[in-house]
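Please look through the structure below with care, and then follow the paragraphs that come after it one step at a time.

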Amino acid sequence: MSSIAATTPVRTAEPARTPKLRADATRNRERIIMAARDAFVEHGADAPLDEIAKRAGVGNATLYRNFPDRTALIREVALLVKNRVLAGAEAAQAEGGSPFDALQRFVHATVEEKVGALCPILTNRVDVHDPDLAGVRERMTTAVVELMDRAKAAGELRPDVDHGDLFIAISQLTRPLPGTSCQLLDEFVHRHLQLFLDGLRAPAPSVLPGRAATFEDFHSDH
């Protein structure tokens, strides 16, 4: 018994590879979603899936393993964008400063998500009743309402604007005009956005025509 035990090679356990593979798969998935967002901004919802795979640095098989069809990929892009907008609102509140400064930080961060260019996709190609999308949309709405209400309560934000006004302006400023390039828009968007934000400051220098837009005005589409 002892001689057998002495001559029998001891087998050491091989390092578990599943966590590494799992991490690689997660990174691939994230790269695909980000590449899809950028491709959709440039080319719309019908951007070629093989081009998205190429941008992400993965093969077509990896893309289809994660997303069986275009609808599934668009849903994940919608979740990504809404979660990033939510994170921006929460970060703006946490960073301190005046309420209006927090609002400005949030708005400048949000335009980086190109929500205007993605708006037709996020409204027409996803199920508005999807529970995951509805959940993050509700949290995002609550966070933005709090940002604006704090600025109003501090007397820094004009009282005749509502939450929908903010997102309409963000959407319009991040939607490329016909005949212009995305690169041209990117160069000037923060400049024009600051002009808009200055117009939101209290006291208001003018009376706005019409009524304020609310989230409810376009929740059915988002």
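The structure holds one aromatic pair, where rings of Phe, Tyr and Trp (its six-membered ring) are said to pair if their centres lie within 6.5 Å, and where planes under 30 degrees apart count as stacked, over 60 as edge-to-face and the rest as tilted. The partners are Phe106 and Phe167, a tilted pair with 6.3 Å from centre to centre and 55° between the planes. Distant parts of the chain are linked by this pair, since Phe106 belongs to helix α6 (residues 99-111) and Phe167 to helix α9 (residues 163-173), 61 residues apart. Helices here (H or I, at least four residues) are DSSP runs, numbered from the N terminus. This is a predicted model, in which local features need pLDDT of at least 70 and side-chain atom pairs count only at pLDDT 80 or more, while totals for chains, interfaces and linings use all residues. Residues are numbered from 1 along each chain as its sequence is written, and side-chain values use heavy atoms, with hydrogens and water left out.

Both Phe106 and Phe167 are buried, a word that stands for under 20% relative accessible area, whereas exposed stands for over 50% and partly exposed for what lies in between (1.4 Å probe, protein chains only). In helix α6, 10 of the 13 residues are buried, so this helix is largely enclosed by the rest of the structure; among them are Pro99, Leu103, Gln104 and His108.

Leaving aside neighbours within four places in sequence, Phe40 is in contact (heavy atoms within 4.5 Å) with residues including Ile52, Leu73, Val77 and Leu118.

Thr71 and Asp127 lie 56 residues apart in sequence and 9.7 Å apart in space, C-alpha to C-alpha. Asp130, by contrast, sits in the loop between α7 and α8 and is buried, with a relative accessible area of 11%; the side chain of Asp130 reaches the backbone nitrogen of Leu133 at 3.2 Å.

How values were computed. Helices (H or I, at least four residues) and strands (E, at least two) are DSSP runs, numbered from the N terminus. A polar contact is a pair of N or O atoms within 3.5 Å; within protein, one must be able to donate a hydrogen and the other to accept it, and residues adjacent in sequence count only if both atoms are side-chain atoms.
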